[in-house]
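Here is a briefing on salt bridges, backbone geometry, helix packing and a surface patch. Please keep the structure open while reading.

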Amino acid sequence: MSDAKRARVLLAIYFLSGIPGLAAQLAWARVLAAGLGHELPALLGVTTVFLAGLALGARAWDARVSASRHPARWYAGLELFSGAWILLGTPWLSALNEWALRMTGLTPSWGWQWLVATVVPLIAVGPAAVAMGGTFPAMDRVLTPRLVDRRGVALLYAANTAGAVAGIAAAVGWWMPEWGFRRTLGVAGVVQVLCGVGVWVWAGRWRSDPGTEAEAEGEAGVTGGGREMPRESAGTSDVGWACLAAGVFGMGYQWAAVRVLSQVTENTIQSYATMLALYLGGTAAGAGWQRTREVRGGRWGEGVWWWGAGLLVTGAVGVLAWLPRIHDGLSRGFGVRGAEWGVSLVVFVPPALAMGALYSVLVQKARQRGGGVGRASAWNILGAALAGPAVMVGLVPWIGTRGVVTLVAAGYLIVALGRGARSPGRWLLVSAVGVVLAVLPWSLVQVDAGPGGTVVRVVEGPMATVSVVRAPDGHRALRVNNHFQQGGTASAVAARRQGHLPLLLHPAPRRALFLGVGTGISAAAASAHEDLVADGVELLPEVLSVLSAFAPENDAVRPGASPRWHRADARRFVRCSPDAYDVIIADLFHPAEDGAGFLYTREHFEAMRARLAPGGLVCQWVPLHQMDLAVFRDVARTFAEVFPASSLWLLRFNVDVPVLGLVGSLERPTWGAEAMARRMEDETLARALGPLSLNTPLRVLGCLVAQGDSWTSWAARGDLATDDWPAVLFRAPARVYRGGGRFDERPADRLLTLLDAARVDARQVFRGPDAEGYAVRWDAFRRARDLHLRGLADEDAGRRDAAVEGYLASVEASVDYTASYAQAVLVASAFAREKPEMAVGILQRLVAARPDQRLAGEVLQKLGR
């Protein structure tokens with residue numbers, strides 16, 4: 001086979017080698033999150049260390065590879081080492097995570113957490129990343145001398161980065177959802193090894209020719225303006241600093257743009273993968289464009305690309321400012337997923353084209369006979385590594401994302417003025433850019449306050465943009481990244497029930513833990529329970545900073561009984577806390593959001609079980625309206641795996657936004673109604689429970705939907721979610737994107753399906769001397785509840801007659817269940833003018849079924865009957 005054909009094969013192998021690199025990085029980040037948590041240091045740690053390792057490898061191996069007469073063997077050896085490290089290191093990641101948990105501790109200082117979040121990825125990722133970094137200068141020494149024009153940087157960068165894009169698609173779209181993270185790492189390691197073997201077989205005997213290296217140095221001394229420089233200055237420090245600046249600016253823009261896009265996208269694992277793929281795809285296309293111009297002999301110098309990057313980032317400020325309108329327009333035509341692709345494309349691809357071309361020009365300029373490609377590339381990657389901490393920790397909290405993007409645009413233009421062609425119109429162009437940046441909206445924070453609403457407070461932090469919105473009726477709502485509503489005062493009744501109901505199921509709780517704070521209303525409900533100490537854990541410091549906006553709804557009802565707030569990752573807090581809790585309450589977590597899937601895994605539920613005091617219980621609230629039954633069954637199966645004696649509870653008796661609670665304990669539970677009634681005699685607790693319709697044991701225990709063997713058998717048909725394969729992380733987004741964000745069935749239909757499958761033996765539910773009497777009343781209450789819920793579902797579907805019959809049957813089924821009585825009176829009042837005979841018939845049945853209630857009779861009298 002000719003050298004030309006072998007070169008094409010090697011280029012294909014270099015493309016393939018980009019696949020496992022990005023796939024491994026994505027898998028590493030999620031595997032190590034189990035030990036490092038999901039706070040900012042952990043989120044940045046893996047990416048920063050990976051990039052720093054690439055930079056170190058490119059710098060360390062550059063001179064050695066350049067001096068070798070067998071650079072292909074160096075390349076093969078580096079690929080083999082990185083692949084072997086991935087394969088041999090993956091089985092030890094669990095032990096490394098355990099060590100990370102112990103070292104981080106419960107409430108680490110900021111500096112200590114950064115140290116651990118750096119050291120752990122350094123052990124897991126660092127050696128492989130260092131080896132990967134050396135493959136670029138090695139492949140340059142193998143292929144570049146065999147190209148006609150001896151200019152290979154753009155070609156190699158385009159090929160390998162295109163492989164990285166393919167790696168993102170393979171990892172997120174196939175390997176991780178099918179096989180989990182560790183097997184994904186195994187596949188990545190095998191592909192890496194095969195690439196090394198392939199290069200050894202195809203080019204291991206090739207020798208570097210010093211004569212062609214002199215030619216490959218080519219036109220290193222030509223500046224962007226076409227001016228000749230002395231040969232010895234071609235790879236010196238000014239190019240290195242330019243590469244460093246380009247790396248900082250490029251990655252800084254990516255971090256800031258991702259933060260802005262998170263305000264309109266669904267923030268799933270696919271959302272981030274799309275952004276990353278389009279950004280890298282844009283840089284690959286830019287390098288490919290530069291390569292095409294090189295082949296045609298009309299290449300542009302670096303000055304053009306500095307100006308181009310600055311102008312395109314300036315244009316991106318306008319795009320980011322109008323992002324909600326762009327997203328809404330695209331979603332109407334292409335659906336939710338299409339809109340994510342569209343906004344990511346317009347935000348990332350145009351600037352990335354210039355960034356990729358600029359990188360190619362700079363690194364090509366640095367190439368010398370004794371090296372240079374690796375050193376220049378190292379400077380660039382080092383800048384990219386530094387950009388994450390600099391932007392997310394330093395700049396975003398200080399000047400916001402708008403300030404960061406403006407600094408990036410200004411940085412590109414300032415360098416262009418110093419390194420570009422001395423065009424007489426350059427200052428006019430800079431002035432025009434300044435005017436554009438000045439007239440564009442100065443904030444990129446997007447908050448939809450709704451009709452007549454006002455924005456009370458906005459906190460643009462490094463992890464999220466948190467806002468408090470006031471509606472015209474005075475109610476306040478908490479927004480995270482604009483479209484994720486995390487509760488509010490309008491839903492205070494539901495929030496308080498989330499806190500009270502699990503606490504009432506325990507006979508005498510003394511310690512309670514709330515995972516997820518939100519508005520603080522649920523956790524504040526614990527203050528109504530005598531002698532109860534509550535802890536609340538919140539991942540986002542921005543959320544804790546706005547809690548005061550939800551007073552007095554989240555105020556403690558007993559003096560000195562306010563919950564103790566902790567800023568920490570919920571998973572790590574549960575694992576590291578030395579305290580035992582009687583009740584652990586896990587808040588509603590949006591299942592499709594990237595990272596939330598780890599809160600529904602076996603390992604997390606096991607950690608909560610280990611944190612229980614004797615007789616304690618765990619309640620995991622689940623938003624059934626945000627997931628289909630298949631995903632809910634996975635959650636239920638995983639919970640039941642850890643808590644075999646689990647039960648299912650309904651937060652409120654509605655069908656439009658059904659919220660379910662999975663309750664588990666160490667022993668098979670029976671519920672003591674008498675003990676619960678005695679607790680309710682406390683005056684403070686009674687005042688708190690009355691407005692919530694939780695002031696009797698029957699109303700509390702009437703929320704029970706399923707328990708026992710029939711429930712565990714139904715749940716057992718789901719899949720087990722683990723830290724290695726968090727089913728919710730992969731499956732919930734598919735349901736969100738399908739049908740433009742709509743599900744195939746209504747939330748009411750999903751709830752009714754569960755009610756149909758539910759079987760509860762009332763005799764096994766209660767304990768105490770009056771257990772049999774409570775069991776009879778509870779069974780009647782449950783039947784009335786289910787009939788009422790079916791009536792609500794019929795009314796929601798437009799089946800009015802069936803709904804009325806359901807309400808009336810519910811009234812007749814139980815004297816203790818009152819919600820359907822009020823609903824039937826409302827329906828009769830609505831029909832009074834349109835269908836008076838129907839209204840009278842409804843009211844008469846109500847009077848006959850509940851003569852002790854006067855409301856129906858009073859309405860009948862008003863109708864003259």
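Asp594 is partly exposed, because its relative accessible area of 30% falls between the limits of 20% and 50%. The model is a predicted one. The points below start from this pair and move on to other features.

**Salt bridge between Asp594 and Arg30**

- The closest N and O atoms of Asp594 and Arg30 are 2.9 Å apart, and the two residues form a salt bridge.
- Asp594 sits in the loop between β8 (581-586) and α20 (602-610), while Arg30 belongs to helix α1 (residues 3-36), so the bridge ties together parts that are 564 residues apart in sequence.
- Across the whole structure, a search finds 34 salt bridges.

**Salt bridge between Arg564 and Asp535**

- The side chains of Arg564 and Asp535 meet in a salt bridge, with an N to O distance of 2.8 Å.
- Strand β7 holds Arg564 and strand β6 (residues 533-538) holds Asp535, so this pair ties together parts that are 29 residues apart in sequence.
- Is Asp535 buried or exposed? Asp535 is buried, because its relative accessible area of 1% is under 20%.
- Arg564 is partly exposed, with a relative accessible area of 41%.

- Glu340 is buried, with 2% relative accessibility.
- Arg337 counts as partly exposed, with 22% relative accessibility.

**A salt-bridge network**

- Which residues are linked in a network of salt bridges? The members are Asp779, Arg782, Arg783, Arg785 and Asp786.

**Packing of α11 and α13**

- Helix α13 (residues 323-366) also packs with helix α11 (residues 269-296): their axes come within 6 Å.
- The two axes cross at roughly 35°.
- The crossing of α11 past α13 is right-handed.
- By class, this contact has 14 nonpolar residues, 10 polar residues and two charged residues.

- Leu532 is placed in the loop between α17 (521-524) and β6.
- Leu532 is buried, since its relative accessible area of 8% is under 20%.
- The C-alpha atoms of Leu532 and Pro563 are separated by 9.5 Å. Along the chain, these two residues are 31 residues apart.
- The peptide bond from Ala551 to Pro552 is cis. Its omega is near 5°.
- Pro552 lies in the loop between α18 (541-544) and β7 (564-567).

- Asn481 has a phi near 55°, a positive value in a residue other than glycine.
- Where does Asn481 lie? Asn481 is in the loop between β3 (476-480) and β4 (484-488).
- Asn481 is buried, with a relative accessible area of 6%.
- Ser693 is not a glycine either, and its phi is positive at about 55°.
- Ser693 is found in the loop between α23 (683-689) and α24 (697-701).
- Ser693 is partly exposed, because its relative accessibility of 36% lies between 20% and 50%.

**Nonpolar surface patch**

- Trp99, Met103, Trp112, Leu115 and Ile123 form a nonpolar patch on the surface.
- Together, these residues have about 420 Å² of accessible area.
- Helices α4 (93-104) and α5 (110-124) are the elements that give two or more residues to the patch.
- The largest share, three residues, comes from α5.
- Met103 is in helix α4. Met103 is partly exposed, with a relative accessible area of 32%.

Terms used
Residues are numbered from 1 along each chain as its sequence is written. This is a predicted model: local features need pLDDT of at least 70, side-chain atom pairs count only at pLDDT 80 or more; totals for chains, interfaces and linings use all residues. Side-chain values use heavy atoms; hydrogens and water are left out. Axes are lines fitted to C-alpha atoms, for helices over the stretch in contact, and angles run from 0 to 180 degrees between N-to-C directions. Helices (H or I, at least four residues) and strands (E, at least two) are DSSP runs, numbered from the N terminus. A crossing is left-handed if the near helix is turned anticlockwise from the far one by less than a right angle, and right-handed if clockwise. Ala, Val, Leu, Ile, Met, Phe, Trp, Tyr, Cys and Pro count as nonpolar, Asp, Glu, Lys and Arg as charged, and the others, Gly among them, as polar. Patches are made of residues with over 30% relative accessible area and no salt bridge: like charges are joined within 9 Å, nonpolar side chains (Val, Leu, Ile, Met, Phe, Trp, Tyr) within 5 Å. Accessible areas come from the Shrake-Rupley method with a 1.4 Å probe; for residues, only the protein chains shown count as cover. A salt bridge is a side-chain nitrogen of Lys or Arg within 4 Å of a carboxyl oxygen of Asp or Glu. Buried means under 20% relative accessible area, exposed over 50%, partly exposed in between (1.4 Å probe, protein chains only).
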